Amino acid sequence: MLSTSAAAHDDRCNDSSCHEWRGGFNTGDKVSDLKYWLDSSVSSNNYTSILDFGASSWNDISANVSLSKVSKKDDSQVRAYVSYYSQFWDGQWEPYYTDSKGKLSFDSNNFEDWSVGNIRLHLQQIGTSSSSFKKKVAVHEFAHSLSLAHNNDDVSVMKPGDLSFNVPQKADKTHLKNRLK
């Protein structure tokens with residue numbers, strides 16, 4: 001599973017700051033009241049409960065985190081889609097920021113204050129996978145929306161290519177809390 005930047009984690013770095021991106025929503029100590037919206041492709045492919053699970057799994061970790069679903073795209077910061085894509089990833093996080101000209105621009109380095117972001121789940125890659133695996137992908141991608149990067153922790157939902165867990169683990173919770181300090 002590849003995200004916006006495989007370089008977001010530097011294997012030479014051994015401190016906790018390597019697990020979080022500098023960019024994000026409400027950068028600083030809170031990502032409270034983050035709204036997510038599900039495109040019609042989500043319900044038509046029966047992924048509503050999968051993505052709701054992915055979002056809600058992060059809600060009780062810190063008082064500074066709250067992800068809630070809204071019915072209107074314009075009321076959301078995180079938008080989720082399920083479709084077929086030309087790349088070979090299970091899920092992807094695509095953050096966008098508003099540049100100095102007021103235009104949405106892709107944040108390829110995860111350094112900016114994000115305006116919106118897209119979670120994309122790839123039907124060709126995960127369409128025949130178990131519900132448990134799909135939940136793992138959703139939890140992983142929602143973690144990116146909270147500015148968590150890939151890491152090499154053996155027990156983490158953020159270890160790329162190794163989706164052994166479908167709920168945030170102790171290391172993931174610690175990294176999120178560190179991000180919100």
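Two residues are in contact here when heavy atoms of each lie within 4.5 Å. By that criterion, and leaving aside residues up to four places away in sequence, W58 touches V65, L67, V139, F142, A143, L146, L148, V157, P168, D172 and L176. The model is a predicted one. Its chain has 181 residues, and 50% of them count as buried.

**Overall layout**
- The chain has five helices and six strands.
- Read from the N terminus, the order of elements is β-α-α-β-β-β-β-β-α-α-α.
- Among contacts in the chain with a separation of 6 or more, 71% are between residues 24 or more positions apart.

**Nonpolar cores**
- The largest nonpolar core has 37 residues, and the members that touch the most others are Y47, L51, W58, L67 and F142.
- At least two residues of this core come from each of β1 (31–38), α2 (48–56), β2 (65–69), β3 (78–83), β6 (114–122), α3 (123–126) and α4.
- Helix α4 gives the largest share of the core, five residues.
- Another core, of five residues, lies apart from this one and includes W37, V70, Y81 and Y85.

**Aromatic pairs**
- Seven aromatic pairs are found in a search of the whole structure.
- Y36 and F142 make an edge-to-face pair, with 5.4 Å from centre to centre and 75 degrees between the planes.
- Y36 belongs to strand β1 and F142 to helix α4, so their pair ties together parts that are 106 residues apart in sequence.
- Y36 counts as buried because its relative accessibility, 5%, is under the 20% limit.
- F142 has a relative accessibility of 0% and therefore also counts as buried.
- F25, W93 and W114 together form one aromatic cluster.

**Charges over rings**
- R120 lies over the face of Y81, 4.8 Å from the ring centre.
- K135 places its charged end over the ring of F53, at 4.7 Å from the centre of that ring.

**The loop at G161**
- G161 is found in the loop between α4 (131–145) and α5 (170–179).
- With a relative accessible area of 66%, G161 is exposed because the value is over 50%.
- H150 is eleven residues away from G161 along the chain, and the C-alpha atoms of the two are separated by 9.7 Å.

How values were computed
Residues numbered from 1 in each chain as written. Predicted model: local features only at pLDDT ≥ 70, side-chain atom pairs only at ≥ 80, totals over all residues. Heavy atoms only, no water. Helix = DSSP H or I, 4+ residues; strand = E, 2+ residues; numbered from the N terminus. Buried < 20%, exposed > 50% of the residue type's maximum accessible area, 1.4 Å probe, protein only. Core = buried A, V, L, I, M, F, W, Y, C linked by side-chain atoms within 4.5 Å. Phe/Tyr/Trp six-rings, centres within 6.5 Å; stacked < 30°, edge-to-face > 60°. Lys NZ or Arg CZ within 6 Å of the ring centre and 35° of its normal.
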